[in-house]
Amino acid sequence: MTTIGEYAFNRCSNLETATVGNSVTTIGTNAFASCSKLGSINIPASVMTIGASAFQGCNALTSFDVDANNNFYASEGGVLFNKDKTILIQYPASKSGSTYTIPASVTTINSYAFYYSTGLTEVTIPASVTAIGSYAFRYCSNLGTVTLLSNPYITGDAFTGIKSGATIAMNLTANAAGGAYWLTFYNQNLYFQADENTQIFKAALSDDKLTLTELTADKKVNAAKAVILKSTASTITMTLVTSNSSNDFNGNSLKGVATAVGKTSDGTTYVLNNGTGGVGFYRLATGKTLGVGKAYLTYDGAGAREFFGFGETTGIDATLVNSEKVNSEVYDLQGRRVSQPTKGLYIVNGKKYIKK
């Protein structure tokens, strides 16, 4: 036998053990789904394809055992992964232990990956994760703490059915600049609330002028709203909430990256950075990619625009540099590099510079 077909053992509720033969190459979609007494299963080296939801609803599973010579799948601690462990395919619903830290190699958590894992109380998701699939933690009824170290794409139903009152929080590393810590934030489907150390800003780009406005009604960010975060701490905590923000997001020019693969710049994309002009939005080189969960601006106006500065709000030093010769790059107030500045006001190394 080379193939276990789709739904082959679906709802065989008294099946407790299953041995997959060494000639099997394909385990079909839902092949063992809802085999509620199936405790463990081996995946031989021959298996090349495991269909979607092949083991969904196998609530008694304690482990997957994948042959080390399999070129397509792997297991670690009884958890099923693809071979290079970038995709967490399924966590055994009855695996022993109440806490689990996902390996740092994982970038994707599959749909239904932790389905009915009622023994789990705490999960830590590493910074490498960029996507969490539909119903990934569905019916993890005792899961009270989920800590994310990244801001991935998360489907709106990923945490459906977890413990009532559970805390789902992102601990995000911000970038130091101008005496503060900065980060852009965007989540396509879910609402998050910033910690008490953090301010939230929207940004309006009109012609060549960028204006920041602090959102002060509350510390919440609605789904599909891109913002800038400014904090007094290097780690910004964003906690999942279910209610809407009262903040006014109208007039916001920021856009957000919603796909796990990120956004590739075509030369009109500007990203938050602390460059030679101080803190602001700098042009992202063509072909470079901005990761999921980040915010950006687009600008295709005339001129070799390199950045949009925030002004003094961002911590650009307001001290005026005298009219002596400078050796650093000079920018005008619109972020354009100037090779031979004439009389006027410029920015040099994040400071205002008057050319007399």
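**Ground rules.** I am working with a predicted model, where local features need pLDDT of at least 70, side-chain atom pairs count only at pLDDT 80 or more, and totals for chains, interfaces and linings use all residues. Residues are numbered from 1 along each chain as its sequence is written, and side-chain values use heavy atoms, with hydrogens and water left out.

**Entry 1: cores.** I looked up the nonpolar cores, meaning sets of buried Ala, Val, Leu, Ile, Met, Phe, Trp, Tyr and Cys residues joined through side-chain atoms within 4.5 Å. Buried is under 20% relative accessible area, exposed over 50%, and partly exposed in between, with a 1.4 Å probe and protein chains only. The largest core has 42 residues, and I109, F114, I125, I132, F137 and M238 have the most contacts inside it. Among the elements giving it two or more residues I found β12 (122–125), β16 (167–173) and β24 (235–241); strands here are DSSP runs (E, at least two residues), numbered from the N terminus. The largest share, three residues, comes from β16.

I then listed the contacts (heavy atoms within 4.5 Å) of M238. Leaving out residues up to four places away in sequence, M238 touches I168, A169, M170, L172, F185, F192, Q193, A194, V221 and L229. A second, separate core holds 22 residues, including V24, I27, F32 and C35.

**Entry 2: a sheet.** I traced an open, antiparallel sheet of five strands in the order β25-β30-β27-β28-β31; strands pair if DSSP finds at least two bridges between them. β25 (255–256) and β31 (307–309) are at the edges with a single partner strand each, so one side of each has no neighbour in the sheet. Three bridges join β28 (residues 278–283) to β31, and G280 has G309 as its bridge partner there.

**Entry 3: rings.** I found 18 aromatic pairs. Rings of Phe, Tyr and Trp (its six-membered ring) pair if their centres lie within 6.5 Å; planes under 30 degrees apart are stacked, over 60 edge-to-face, the rest tilted. Y112 and Y135 make a tilted pair, 5.6 Å centre to centre with 35° between the planes. They sit in two loops, 23 residues apart. Y112 is partly exposed at 24%, and Y135 is partly exposed at 24%.

For Y270 and Y299, the centres are 6.2 Å apart and the planes at 80°, so I logged this pair as edge-to-face. Y270 is buried at 2%, and Y299 is buried at 12%. I also noted one aromatic cluster made of Y91, Y100, F114, F137 and F159.

Definitions and conventions: Helix = DSSP H or I, 4+ residues; strand = E, 2+ residues; numbered from the N terminus.
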